[in-house]
Amino acid sequence: MNKQTESAWKYHDLTKHSYWSVRTQAHYLDWDNRPYPFKVYPAIEALKLSPELAQTGVPALAAVAATTIDAAQSKPTLDQLTAILYYSSGVTKKKTFPGGEIYFRAAACAGALYPVETYLVCGAIEGLGAGVYHFNAGDFALRRLRTGDHRGAIVAATGSEESIAHAPVILVHTAITWRSTWKYRDRAYRYHFWDDGMIAANALAMAASHHLHARVVMGFVEEDVNPLLDIDGERELALSLLAIGRDTEIEKASTPERLNLETVPLSKSQVDYPSIQEMHRASSLQNADEVARWRSSEFTRKESQAASPVIPLRIPSPDTLPGDGIEDVIVRRGSTRRFARKAISFEHLSIILDRATRGIEFDFAAEQLNDIYLIINAVDGLDPGAYFYRREERALELLRTGDFRERAAYLTLEQELAGDASATVFFMADLNALLERFGNRGYRMAQMEAGIIGGRMYLAAYTLRRGATGLTFYDDEVTEFFSPHAAGKNCMLVVSLGVAGKRPIL
């Protein structure tokens, strides 16, 4: 089914936003039926994690830009693993409202709905026995679902992917779809990978800070992973794996049967969205041989010659960059709700673009899936206008000049944030080429990469004491705005950057 790419196009077209779709498909939130943000196993004892978190003090801009750690062996301790869990998926803030409480997490999430769950599959490490565990951010605890070393089942499910086969710890990220569909309905499947990518961006930065090898693995057999985690693969979906550390090679093993463990219902009732289940099935891989074929596919972007002189990024010398530690930045990070219509420097924009796009350690052969387009409203040293980021050259290509504040706001579902921001970044992928190479799974990959780069932009922006926020968009109109340069490409994600503060009276 993965090669039957009409499934991806069917889902993508179904979930496009347009001026008319948002006005003719009214949706009202049932606040009394809002899903609970934590997965609870009432019969399993909690293994509380220590609140005394390991601090690396590694500068955030260095951690964000790190790609891979070469280490013959790097086995995390429980203290290091606890820090990675907290700074990627933990609760960092809590706010009380008349309608209840909202628990804000370490990574940004669409609508603060937090559909992503984290599981650990590990051998014995310092402070923790071998097993399969679920991480609950609400009470900052692990719950052991299975005893013993089950990493071999993940090795088999990935077709013996090299980093998984040597990983002391494997994090598995899933999404409980109802948490997002409650608000976003069919489009929520896209957001699952944005949300997972944001978490992965933090986790990769934290692993690098602890000098641990880490790789995001997107190729695996869902039907072999689901029973191990005791999830159904329909209401809770396996999204990605993260190999952490490096140890001796693990042998493949079979997947055990489901446990059918009791969990607390998320809400009084739940609405299913068949389009998401269909898309997930259509982009699933059926066996290790199919995983191997998928992983052997290569993808190379074709970048045309610039039609106008390019503007090299203006990156300050490393010794002048802020040295804020990665842990402090993650805790400080938020999602900016208002921009002040003030300019940021070209140096700051350059740092954000450079650090966020240094490369990601994936298990597939592709250097970059998304192209980056920008609408510049107020950046000192740049004319307002539309730009394309030439990643290999670390330079911006001016597509056309103009004041596009109103257009930026319109393209992002008529939200003032993009019009008030200093710059808005559009991640755009050539889905035709991606689906041809990777099948329907290419759709997941493009969304995930956009989420990781977007998450890095958040961290870089907050290091510089700037604001950032993720936005949704009118799909086809974004392509039209950046065409002819972006003809044939599809928008995956939007992130606005700028100076946080009150919007001036205009």
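Me: Which helix gives the most to the lining of the second largest cavity?

Reply: This is a predicted model, where local features need pLDDT of at least 70 and side-chain atom pairs count only at pLDDT 80 or more, while totals for chains, interfaces and linings use all residues. Residues are numbered from 1 along each chain as its sequence is written, and side-chain values use heavy atoms, with hydrogens and water left out. The top contributor, with three residues, is helix 7.

Me: What is the volume of that second largest cavity?

Reply: Its lining includes Thr 177, Trp 178, Glu 234 and Tyr 273. Volume, the space filled by probe spheres set on the points, comes to about 80 Å³.

Me: How many charged residues are in the lining of the largest cavity?

Reply: This cavity is about 170 Å³, and among its 20 lining residues, the closest to the centre are Ser 89, Arg 105, Val 116, Glu 117 and Ile 199. Asp, Glu, Lys and Arg count as charged; Ala, Val, Leu, Ile, Met, Phe, Trp, Tyr, Cys and Pro as nonpolar; the others, Gly among them, as polar. The lining has 11 nonpolar and five polar residues, and the charged ones number four.

Note on methods:
On a 1 Å grid over the protein atoms alone, a cavity is a set of points where a 1.4 Å probe fits but cannot get out, and a pocket is an open set with protein on both sides within 12 Å along at least five of seven lines; lining residues have an atom within 4 Å of a point. Helices (H or I, at least four residues) and strands (E, at least two) are DSSP runs, numbered from the N terminus.
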